Amino acid sequence: MAEEPCQCSDCQRFYKEHDRLIREFPTFKQQQELNWASIQSFRTLCTKVTEELQRELSDRESHKDISLEEKNISDIEITEALGELESVNAYLYSLEALMERIFDTKISNNIESKFKEIANELAPDPLNVDRLILNRLFHQTPDFPDKKDN
Ligand SMILES: [Zn+2]
């Protein structure tokens, strides 16, 4: 018996996005570039926020008279976020190193045509096996941010 794909709103958003990325980036080269840009932008943003939070925390340490009203984020919240973001930054750095290896791979035009052909078949199919596997991983993510912070 075939496993029914989950239809919750998170999964539906995932299916839609997954298909869109195949439809709009149907070649090996486009997927390389897309994923490279995606990891880089994630890392740039996380690094900047980490720096900003570190700066804010050290400002607070040197001005202990700062009123509570001025702190819309608590020290504990910042310290916890910094711990998490430092791990994330380390993971992204590792991903970037792996992505560099993938980026070195070159594909001939004939194989690129195959990619486009398969992408065409794949994207509209709601029961695609690879997607179900990916989605299962996505669903198992233990600490989904919106479930955690309340
Ligand atoms: Zn689901």
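Visitor: In which helix does glutamine 32 lie?

Guide: Glutamine 32 lies in helix α2, where a helix is a DSSP run of H or I of at least four residues, a strand is a run of E of at least two, and both are numbered from the N terminus. This is a predicted model, in which local features need pLDDT of at least 70 and side-chain atom pairs count only at pLDDT 80 or more, while totals for chains, interfaces and linings use all residues. Residues are numbered from 1 along each chain as its sequence is written, and side-chain values use heavy atoms, with hydrogens and water left out.

Visitor: What is the average pLDDT of the protein?

Guide: The average pLDDT, the predictor's confidence in each residue on a scale from 0 to 100, is 83, and 76% of the residues score at least 70. Over residues 146-150 the pLDDT is below 50, and this stretch has 3 contacts in the model beyond near neighbours in sequence, a contact meaning heavy atoms within 4.5 Å.

Visitor: How many helices and strands does the secondary structure come to?

Guide: The secondary structure comes to 6 helices and 0 strands, and from the N terminus on the elements run α-α-α-α-α-α.

Visitor: Why is glutamine 32 called buried?

Guide: Buried means under 20% relative accessible area, exposed means over 50%, and partly exposed is in between, with a 1.4 Å probe and protein chains only. Glutamine 32 has a relative accessible area of 8%, so it counts as buried. Leaving aside neighbours within four places in sequence, glutamine 32 is in contact with Met99, Ile102, Phe103 and Thr105. A polar atom of the glutamine 32 side chain also lies 3.4 Å from the backbone oxygen of phenylalanine 103.

Visitor: What makes the pair of arginine 55 and glutamate 52 a salt bridge?

Guide: A salt bridge is a side-chain nitrogen of Lys or Arg within 4 Å of a carboxyl oxygen of Asp or Glu. The closest N and O atoms of arginine 55 and glutamate 52 are 2.7 Å apart, and the two residues form a salt bridge. They are 3 residues apart in helix α2 (residues 28-62), which means that about one helical turn separates arginine 55 from glutamate 52. Arginine 55, with a relative accessible area of 43%, is partly exposed, and glutamate 52, at 37% relative accessibility, is partly exposed as well.

Visitor: Where do arginine 20 and glutamate 17 lie?

Guide: Arginine 20 and glutamate 17 both lie in helix α1 (residues 9-24), 3 residues apart, about one turn of the helix. Their side chains meet in a salt bridge at 2.8 Å, N to O, and a network of salt bridges links Glu17, Arg20 and Glu24. By the salt-bridge rule, the count comes to 11.

Visitor: Which parts of the chain does the salt bridge between aspartate 75 and arginine 60 link?

Guide: The side chains of aspartate 75 and arginine 60 meet at 2.5 Å, N to O. This pair links distant parts of the chain, with aspartate 75 in helix α3 (residues 75-103) and arginine 60 in helix α2, 15 residues apart. Aspartate 75, at 31% relative accessibility, counts as partly exposed, whereas arginine 60, at 7%, counts as buried.

Visitor: How do you know that the span of α3 agrees with its number of residues?

Guide: The expected span of a helix is 1.5 Å times one less than its number of residues. The 29 residues of α3 should therefore span 42 Å, and the end C-alpha atoms are 40 Å apart, which agrees. The buried residues of α3, among them Asn89, Glu96 and Met99, pack against α2.

Visitor: Which residues make up the largest nonpolar core?

Guide: A nonpolar core is a set of buried Ala, Val, Leu, Ile, Met, Phe, Trp, Tyr and Cys residues joined through side-chain atoms within 4.5 Å. The largest one has 7 residues in all, namely Cys46, Leu53, Leu57, Ile78, Leu82, Leu85 and Leu92. Helices α2 and α3 each supply at least two residues of this core, and the largest share, 4 residues, comes from α3. Leaving aside neighbours within four places in sequence, isoleucine 78 is in contact with Leu53, Glu56, Leu57, Arg60 and Ile73.

Definitions and conventions: A polar contact is a pair of N or O atoms within 3.5 Å; within protein, one must be able to donate a hydrogen and the other to accept it, and residues adjacent in sequence count only if both atoms are side-chain atoms.
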